[in-house]
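Please keep the sequence and the structure in view while reading.

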Amino acid sequence: MAEGAAVNRYDYAADAWQGPPPDAVGWWKSQIPDRNEGKKHWAPNDVMLHFWDELADQPNKQDMRYVLTLLLIRRECFDWRKRSPTHKAGGVGGILSPPRNHVRNSRVIPEPQRVDEIQQELAALLQ
């Protein structure tokens, strides 16, 4: 509403709305989206770890296993220990320890064009 030189916004609950006041500059209806709408509901950690194990035997899926490893690190399913600053062996800045007695695998970074495909496939499999 225009109030002198200022234009002020007023919000109304749907049940309190009587229509726009006569001196309104504009009005619109909106709805607050549901927090869980569109949110991915991933599989439990043990299911993801089982799938991670299965991917070890599929050479053409090692880039997917790499992305799944990153997701499992984020979920704190793996132990990530930073290397000391004096470590001279090269490589990435830490040591990844899989839970339990999982098979270690070499790091396979996916090609950029494959990243979206991997995310969609993981989402379909693990939701």
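## Methionine 48

In this predicted model, methionine 48 lies in helix α1. Its relative accessibility is 0%, and it therefore counts as buried, for which the limit is under 20%.

Beyond its neighbours within four places in sequence, methionine 48 is in contact with Trp42, Ala43, Leu68, Leu71, Leu72, Arg75 and Leu126.

## The buried face of α1

Helix α1 covers residues 45–55, and within this helix Met48, Leu49, Phe51, Trp52 and Leu55 are buried. Viewed down the axis of α1, these buried residues fall within an arc of 160°, so they line one face of the helix. As a general point, an α-helix has 3.6 residues a turn, so residues three or four places apart point the same way.

What lies over this face? The cover of the buried residues of α1 includes α2 (62–74) and α3 (112–126).

## Packing of α2 against α3

Two packed helices are described by the angle between their axes and the distance between the axes. For α2 and α3, the axes come within 10 Å and cross at roughly 70°. The two helices are therefore roughly perpendicular to each other, and α2 passes α3 in a right-handed crossing.

On the α2 side, the contact is made by Asp63, Met64, Val67 and Leu68; on the α3 side, by Arg114, Ile118, Glu121, Leu122 and Leu126. By class, the residues of this contact divide into six nonpolar, no polar and three charged.

Glutamate 76 is found in the loop between α2 and β3 (79–82). Its phi is near 60°, a positive value in a residue other than glycine. Is glutamate 76 buried or exposed? With a relative accessible area of 70%, glutamate 76 is exposed, the limit being over 50%.

## The chain as a whole

The protein chain has three helices and four strands. Read from the N terminus, the elements follow the order β-β-α-α-β-β-α.

Of the 127 residues of the protein chain, 24% count as buried. Among contacts in the chain with a separation of 6 or more, 48% are between residues 24 or more positions apart.

Notes:
Residues numbered from 1 in each chain as written. Predicted model: local features only at pLDDT ≥ 70, side-chain atom pairs only at ≥ 80, totals over all residues. Heavy atoms only, no water. Buried < 20%, exposed > 50% of the residue type's maximum accessible area, 1.4 Å probe, protein only. Arc of directions from axis to C-beta. Contact = heavy atoms within 4.5 Å. Axes fitted to C-alpha atoms, helices over the stretch in contact; angles between N-to-C directions. Parallel < 35°, antiparallel > 145°, perpendicular 65-115°, else oblique. Left-handed = near helix turned anticlockwise from the far one by under 90°. Nonpolar A, V, L, I, M, F, W, Y, C, P; charged D, E, K, R; others polar.
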